[in-house]
Structures are given as structure tokens and as C-alpha cells.
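Please look over the sequence and the 3D view before reading on.

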Amino acid sequence: MTTDFANHSESSTGTHMKVSVWRGEGNSGAFELFQVPAQENQTILDVVAWIQQQSDPTLSYRYACRVGMCGSCAMMVNGKPRWTCRTHVNKVLQQGRLEIAPLRNLPVIKDLVADMSEFFDKWVKAEAVFHPSKTRHDAIEPINPASPKRIAASAAIECINCAVCYAACDAVSANAEYLGPAALNRAWTLLNDERDSANSERLKAVSGVGGCHNCHSQQGCMEYCPNELNPTASIAGLKRATLKHLLGWKD
Amino acid sequence: MLDVRLYLLQRLSAMVMAPLVLGHIAMMIYAVQDGLSATEILSRTQGSWLWALFYGTFVLAVSVHAAIGLRVIVFETSGLRNRALTVFTWAVFAGLLYPGIQAVYAVTAS
Amino acid sequence: MIRPHRSHPLWYAFLLHRLSGLALAIFLPFHFYVLALALTEPDRFGELIEWVEYPMVKFAEFGLVFLLAVHFFGGLRLIALEFLPWSPLQKTYAAIAASAAFLIASTFFLSAI
């Protein structure tokens, strides 16, 4: 399937942009400069696609939905983690220049493609996984959508695992074992899920070396989350929950 | 890197110090009004159990708080881990507690 | 110099909190040492106290009080953030914290000169 959305070689504005793109495999690499025709309406994903389709077919990058729903196209744009399909070029162009790199805090496979394995491994490590407490033979658990716990869970539940928050977080860069904002955010939603049965394992999982207490509330996660989630708030909730658990305070 | 226990100690020592810090700043603003002299300071503090308690608590809390705070900074900026990190933390704690208690004694002993 | 992804107010609040804590931790042993001299070497203590009259030292004192106030208000903000119900006014609070700290330090400075 070819996408036609970026194969103009002519620029609609008559100018070209200087786009620096990270090229390389694994630990080694360098930025390569491309001259990309500027269009009036263009996203960063359009730019990357243009380069791969019109200039250098060896460029590797990821995307899927291209409409801001899947999170696959997340990259560092001028040093900030963003969804490239939802980033308009004229919002981020700096004096006719752009810099595009793979997501920070993750190993690079090739060019703009980051290895998401550790991100998902930490998801599991944080017990951000649903553990059912009933079987199909039991009655369905009635959940009141207005209960405080459900409201807390619902506020954090729209995460699509794009790893933008993980890339933004300096606590992740400082501690290789830190579980990270996304995994902890999900753990918090499950902690508040009345159907879940694994809360004591979960509290233990988020209290260790890589746990929620690494968070310094820099709130880069909240700043950059394209779904406007607030992992820092979720992590604060985990801090309260782990303290209560330590002090033997029954909830 | 903090586990839940260290995190609790950090927050607790902070909360203990909150009123003490305010008191200390207010006192300093008052004390420097007409210049500062050794006899002035000592005349107010010597022989006072209250000052000994105030500053003794302050010294203990700040030793705990600074030791844990520096532990986090060292963990995040260097490769120090495990036993070495624990030794460092205790060293900072002792390195503040000992001179701190000496200072409290020096200005409150009569 | 600061990486682009860090250029938002709450990251600076973090940096300020960390740097002020570090500076205070380094300053404290000297502070304790000088005070202890009051007992062991009272004359030396008297000498050192006279240094306080120099403008540079007064400026340094202003700096220390500022750092303490910054660290204190920043710490209060953190405790509020973690233990009280979440509020979206974090940027405003960070600004208020910084200005309150500055206010207190200025009071100190004004009365000290």
C-alpha cells in the first residue's frame, strides 16, 4: 500500500527546509541533512515520509494510523518527544530547520526506530497487568462509574503506550531500573480497579529500586503526553498508597 | 533511588523541619537587626534548654534529610550503588550530626 | 544549554530544589564548625563574626537565606502535590513558591544592610 500523502517534489511555498535526521544502527550514528520542500500544510510525519519516498529509501521509521490514535510515530522533534503525525511543521520549524531523532531513553534499532521492549517489560514488572478476581461463572461485578476510585482510574486510563512520557522523563534517564511514568500510571489505574485481585503484589512491585519513589515530579510526562494524561498525579497516588501500606493503614 | 522507607524518612524529616526553618529564618531576620556579635548570640542562647531542644531537633532532622537527599543525587549522577552508597549515606549523616550537636552544645552550654 | 525537553517551569522548579538542597548540604558543615568555635575558641568566633560586616558576606548570607527559602517552599509544594488532592494549578504554585522565597530573602537583606 503506498500512501500518496507526501509525494510532492514541488514546494507549495517555494522554499525548502533543512531537516536533520538521525541515521545509524544501535549505538552508533549521526545526523544527516536533507532538503525537504516546504508545504503549507505539513506534519513531521509527512516530512519523514517524503524523505523516505523521494530522497532516501533506506530511512527506517514507524507509523501506522497517521491520525493520532495509535502512538506508533512518536519521535524526538527538535529535542521534544512528540507524535509526528500530530505535529504541524509550522508550529515547530526553527528558522527553516528541523531535527528529528528516535525516542530518547530507549535503545535504537535503526534510524528513527526505537526498541520498545524495555518499555513493555517494565509494564509487566510494575504489575500494570490485570489480574481477575472472578471467573465467568460468577456474577458480573457492578462498578459505579461515579465512585472516587473509578473516577481516579478513568482519569488515567487513556494511555496508548506511545512512550512519549518515557522519553521525556529524566528520572528514567537517571535510573535504568526506574519503571517509568506509563507503567506506573497504568499500575495506578489497576490499583483503583475493584475487579482486580493483585493489589498487594502491585504495591510491592512499585516500592522497590525502580519504584514510584524515584519520581521527582518534574512533570515532563504531563507536559508532553499527547492524550493529556498526568502520570505524575498517578505516581503521587502510588506514593500515598505505598506509604499507607507501610504504615499498616487499612484503606 | 529511594525505597518506601527512605522516602517516608525524607518526608517526615522535612515536615519536622518546616516549623523549625520558619522559626530559624524569623530569628535570623530579627537577630541581624543591629549587627551580629558573639556576645549577643551567646547571651541569648547559653544555658537555654529550649534552644538546645529546638536546634538539637533541627540538627537531627537535617542530618537525616540531607543524607537521603545527597544519596539520591549521588545515585542519579554517579555509579555508586549498594554497599558503597549506604556507606556514603551514613557518612553524610554522621558528618552533619556530629558537628551539628557540637555546635548546639557550643552555643547552649552554660 | 538546557535540553529542549526540559524547558518548562516545573523542570526548573525541580532543578532549583535540587541545587538549593545541594548548596545547603555543602554549607552546613561550615556553619556548624563556626558555631562550635564559640565554645572552643571564642576569640576566633568573634573574629569570624566580624566578617559579617563585609558587603560580599552579606550578599552571600542573602544567597543562603534565599536558597533555604526556595528549598523550603519548593518542598512544601512537593508535599502538597503528593499528599493533597491533585490540582492543575502547579505552574502557578511554582511561581508563588519562588516569589515567596524571594520576598523572605529580601526582607532579610533589607534588614541586614
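How many residues does the contact take from chain A and from chain B? The contact takes 10 from chain A and seven from chain B, where two residues are in contact if their C-beta atoms, placed from the backbone, lie within 7 Å. This is a predicted model, in which local features need pLDDT of at least 70 and side-chain atom pairs count only at pLDDT 80 or more, while totals for chains, interfaces and linings use all residues. Residues are numbered from 1 along each chain as its sequence is written, with chains lettered from A and ligands numbered from 1 in the order in which they are written.

**The sheet of chain A**
- Five strands form an open sheet in the order E2-E1-E5-E3-E4 (chain A), with mixed pairing; strands are DSSP runs of E with at least two residues, helices runs of H or I with at least four, numbered from the N terminus.
- Two strands pair if DSSP finds at least two bridges between them.
- E2 (30-37) and E4 of chain A are the edge strands, each pairing on one side only.
- Strand E1 (residues 16-23) of chain A runs antiparallel to E2(A), joined by eight bridges, and Val19(A) stands opposite Phe34(A) in E2(A).

**The hairpin of E3(A) and E4(A)**
- Four bridges link the antiparallel strands E3 (residues 74-77) of chain A and E4(A).
- Val77(A) has Lys80(A) in E4(A) as its bridge partner.
- Two residues lie between the strands of this hairpin, and Asn78(A) takes a positive phi near 50°.
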